[in-house]
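Please keep the structure open while reading.

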Amino acid sequence: MSEIFGALIGLGDKLAEHVLLAAAAIALGILIALPLAVWAGRSQTVSRAVLTFASLVQTIPALALLALFFPILLSLRAVFGAGLPTLGFLPALLALALYALLPILRNAVTAREHMAPGVLEAADGVGMTGWQKLRLVEAPLAAPYIMAGIRTAAVWTIGAATLSTTIGQPSLGDPIFAGLQTQNWALVLAGCIASAGLAIVVDTLLGMVESGFAKRRKWMVWAGIAAALAGVAGSAWSLREESGGDTIVIGAKSFSEQYILAQLVGRQLEDAGFRVEYRDGLGSAVVHNAVTTSEIDISFDYTGTIWTNQLGRTDNPGRGEIFRTIADWEQESTGTLVLGRLGFENAYALAMQQQRAAQLGIRTIEDLARAAPSLTIGADVEFFERPEWIAVRDAYDLRFANQRNFTSTFMYDALTGGEADVISAYTSDGRIAADRLVIVEDSKGAFPSYDALVLVSPDAAQNPDLLAALKPLVGAIDVDAMRRANFAVDRLEDKKSPREAAVQLAEEIGL
């Protein structure tokens with residue numbers, strides 16, 4: 001319990017970010033839904049159209065809806081300019097506002113449809129204009145039902161806002177995603193408790209407003225609204241910018257090594273006088289696009305990932321040539337600086353339990369291909385869509401009985417627990433040795449090299465002080481040191497946080 005309480009205490013900034021995002025999304029949803037509801041109340045065609053659209057939005061998983069706004073906004077830069085944000089608050093706001101539409105619209109339209117015809121006829125009979133009828137008759141009668149829809153929308157939005165972590169918006173999803181990846185269940189519970197608590201508080205305040213409308217008690221309406229606005233204002237105040245120092249945004253993908261590297265670089269920059277923000281839990285394509293468009297300042301990537309995903313290459317000319325080609329391509333095509341290699345490789349590799357591999361006589365991927373039709377392969381959530389997998393699959397004609405996706409941490413648990421026979425492991429993970437796994441030999445060299453890189457955005461690359469602070473990291477981390485740091489976070493007992501593991505790693509490499 002003390003660990004959960006300690007984690008909750010440290011969530012103040014994430015809670016404030018979550019409050020502001022959810023409040024803005026609910027407000028925007030209301031501003032869009034209420035005029036549409038008035039229009040729909042006067043036209044069956046419009047009513048069917050807007051409710052169908054809002055229902056369709058609800059069928060899209062919230063995570064997918066959030067992710068879809070990244071390429072949409074990226075394409076709109078051609079119209080609105082390079083300053084249009086593609087990550088963070090704006091895409092999260094737009095996606096969540098769409099998600100909030102259905103309950104508000106449905107309740108407002110239903111309330112209008114079920115109003116007593118005599119009341120509306122009486123309003124027409126006394127000569128009320130359309131605006132007067134809306135303001136003095138329809139709105140007061142529909143208000144309790146509309147507030148019920150807003151309450152539902154608010155709870156949905158607060159829950160879905162935790163997913164905004166995946167597009168770079170800080171929220172209470174940060175501790176949840178980080179905790180899931182590192183199996184820090186205290187952190188996961190702290191994020192869930194904070195999100196659920198916020199939803200309960202907001203629902204209670206909006207319930208007071210709803211009761212005030214239903215009972216014609218204005219003080220309840222204004223008290224509920226005032227308390228909600230006070231919470232939003234307090235959140236905004238707590239996040240006010242502190243003076244002094246440049247702010248550098250560091251992006252990281254959704255696995256332990258990236259969290260550790262982000263914290264390592266963050267410490268290095270803080271010592272140099274920079275202010276640091278983190279955008280964790282990003283996907284490979286998102287983080288690359290974010291750094292090349294200066295949405296974030298620094299990211300960590302791997303030569304094999306850029307080689308296959310960005311350059312579309314399937315050949316393997318060797319580690320040195322791959323690095324040089326990538327560095328030149330990034331500079332020429334995106335203006336992004338490849339600062340250098342960190343000193344270790346984190347390659348994709350197929351791994352099995354030693355006993356299982358020995359039992360089946362598997363040493364190479366050719367051996368694995370013969371046994372594959374009776375085996376299950378597990379991988380991270382994006383592996384089976386990556387060009388590397390397609391290249392390896394086709395090179396060895398791999399045809400498994402089943403393919404299963406897991407988060408990167410649970411993938412190892414699936415292997416040791418018998419849920420998978422082989423997994424797409426990462427060669428710098430400490431769990432390979434700890435779990436006594438064997439790497440299946442890639443004799444054809446189908447997997448490219450995966451040297452860890454530091455990428456600096458076009459804008460940040462113009463800052464000589466920043467580059468000077470980062471230079472000591474180039475070539476400083478060997479694979480054994482990275483494995484120890486990764487395992488310190490991933491092990492089940494005596495776990496370290498990514499920040500603590502970064503401190504350990506910094507001491508080990510002499511930073």
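## Rings, charges and cavities

Arginine 341 lies over the face of phenylalanine 323, at 4.3 Å from the ring centre. Lysine 444 does likewise with tyrosine 396: its charged end sits over the ring, 4.9 Å from the centre. The model is predicted. The table sets out these two contacts.

| Charged residue | Ring | Distance to ring centre |
|---|---|---|
| Arginine 341 | Phenylalanine 323 | 4.3 Å |
| Lysine 444 | Tyrosine 396 | 4.9 Å |

### Aromatic pairs

The structure holds nine aromatic pairs. One of them joins tyrosine 348 and tyrosine 450. The geometry is edge-to-face, with 5.8 Å from centre to centre and 85° between the planes.

Where do the two tyrosines lie? Tyrosine 348 belongs to strand E5 (residues 348-353). Tyrosine 450 is in the loop between strand E9 (437-439) and strand E10 (451-456). The pair therefore ties together parts that are 102 residues apart in sequence.

Are these tyrosines buried or exposed? Tyrosine 348 has a relative accessible area of 9%, so it counts as buried. Tyrosine 450 is buried as well, at 1% relative accessibility. The cut-off for buried is under 20%.

Phenylalanine 384 and tryptophan 389 make another pair. Their ring centres are 5.4 Å apart and their planes stand at 75°, so this pair is edge-to-face. Both residues are buried.

Ring pairs link Phe255, Tyr302, Tyr348, Phe383, Phe384, Trp389, Phe400, Tyr426 and Tyr450 into a cluster.

### Cavities

How many cavities of 30 Å³ or more does a search of the whole structure find? The search finds three. The largest cavity holds about 100 Å³ of space.

Its lining includes Phe255 and Tyr426, and both of these residues are also members of the ring cluster.

The largest share, three residues, comes from H18.

Methods. Residues numbered from 1 in each chain as written. Predicted model: local features only at pLDDT ≥ 70, side-chain atom pairs only at ≥ 80, totals over all residues. Heavy atoms only, no water. 1 Å grid on protein atoms, 1.4 Å probe; cavity = no way out; pocket = protein on both sides within 12 Å on 5 of 7 lines; lining within 4 Å. Points joined across faces, edges and corners; volume = space filled by probe spheres on them. Helix = DSSP H or I, 4+ residues; strand = E, 2+ residues; numbered from the N terminus. Phe/Tyr/Trp six-rings, centres within 6.5 Å; stacked < 30°, edge-to-face > 60°. Buried < 20%, exposed > 50% of the residue type's maximum accessible area, 1.4 Å probe, protein only. Lys NZ or Arg CZ within 6 Å of the ring centre and 35° of its normal.
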